[in-house]
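The following exercises concern side-chain geometry and packing in one protein model. Each task is followed by a solution in steps.

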Amino acid sequence: MRAHDTTAKPEKAEGGDRSPRRAQDAGSPAPTTTGGQPSANSVAALEAEQRRLVLRRFSYEDAWELGLLLRELAVERGAPVVIDVHHGARQVFRCALPGSSADNDAWIDRKRRVAERYAAPSFLVGARFRAKGTTFEDASRLDPDLYAAHGGSYPVTVEGVGIVGTATVSGLPQAEDHALVVEALTRCVNGRDHQGS
């Protein structure tokens, strides 16, 4: 069974280098988690991770390539996920892999809304609420049918510009969804982005 991409591949961007890159290194380990949840002391680590994962650029072609890289990583692991990459408000890449379900599509949208609203990874947003001794669901006053502070959605940030999109994965435990997106973004930042198969 093949994965189903629901978006058409965009035209190639004009210009030279098509890979998103950043000036500084992003090669530090993922924050410590306990039982799939970020530990209370990992909020600082998640915030540092977000500061590191900043790209030099993020065109529509870069968004497509990030989606392909996420798909490649998920296929290698047999991960039953849905992958979504947005450039601004535009969905550039969407892919559902075998074993995922329509529920994952709803989770993608709910997690992405959190990353967009809080300008932070959905995993970090949930960790911040838990570090305060509460939960996102209890304290945010946002509709849980529309917003979920569970790991897996990451704002895409461009150096000197700010947040320009999101990359989101759903289908694994939340710490693993988060880690998959972080791995792909780290490869982009370090210049080891997807080169095609």
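**Exercise 1. Charges over rings**

Determine which ring Arg-110 lies over, and at what distance from the ring centre.

Solution. Arg-110 lies over the face of Trp-107, 4.2 Å from the ring centre. The criterion is that NZ of Lys or CZ of Arg is within 6 Å of the ring centre and within 35 degrees of the ring normal. A further case is Lys-132, whose charged end sits over the ring of Phe-129 at 6.0 Å from its centre.

The model is predicted: local features need pLDDT of at least 70, side-chain atom pairs count only at pLDDT 80 or more, and totals for chains, interfaces and linings use all residues. Residues are numbered from 1 along each chain as its sequence is written, and side-chain values use heavy atoms, with hydrogens and water left out.

**Exercise 2. Aromatic pairs**

State how many aromatic pairs the whole structure holds, and classify the pair of Tyr-118 and Phe-129.

Solution. 

Step 1. The search of the whole structure gives four aromatic pairs. Rings of Phe, Tyr and Trp (its six-membered ring) pair if their centres lie within 6.5 Å; planes under 30 degrees apart count as stacked, over 60 as edge-to-face and the rest as tilted.

Step 2. For Tyr-118 and Phe-129 the centres are 6.3 Å apart and the planes make 85°, an edge-to-face arrangement. This pair links distant parts of the chain, with Tyr-118 in helix α3 (residues 102–118) and Phe-129 in helix α4 (residues 122–131), eleven residues apart. Helices (H or I, at least four residues) and strands (E, at least two) are DSSP runs, numbered from the N terminus.

Step 3. Tyr-118 is partly exposed, at 29% relative accessibility, whereas Phe-129 is buried at 14%. Buried means under 20% relative accessible area, exposed over 50%, and partly exposed in between (1.4 Å probe, protein chains only).

Step 4. Tyr-118 also pairs with Phe-136: the ring centres are 6.0 Å apart and the planes stand at 70°, so this pair is edge-to-face. Phe-136 belongs to helix α5 (residues 136–139), 18 residues from Tyr-118, and is buried at 3% relative accessibility.

**Exercise 3. Nonpolar cores**

Identify the residues that touch the most other members of the largest nonpolar core.

Solution. 

Step 1. A nonpolar core is a set of buried Ala, Val, Leu, Ile, Met, Phe, Trp, Tyr and Cys residues joined through side-chain atoms within 4.5 Å.

Step 2. The largest core has 31 residues, and Phe-58, Leu-66, Leu-70, Val-85 and Val-156 touch the most other members. Two or more residues come from each of α2, β5 (82–87), β6 (90–96), β7 (153–158), β8 (162–170) and α6.

Step 3. Neighbours within four places in sequence aside, Leu-70 is in contact (heavy atoms within 4.5 Å) with residues including Ile-83, Val-85, Ala-167 and Leu-180.

Step 4. Another core lies apart from the largest one and has 14 residues, among them Leu-46, Val-114, Leu-124 and Ala-127.
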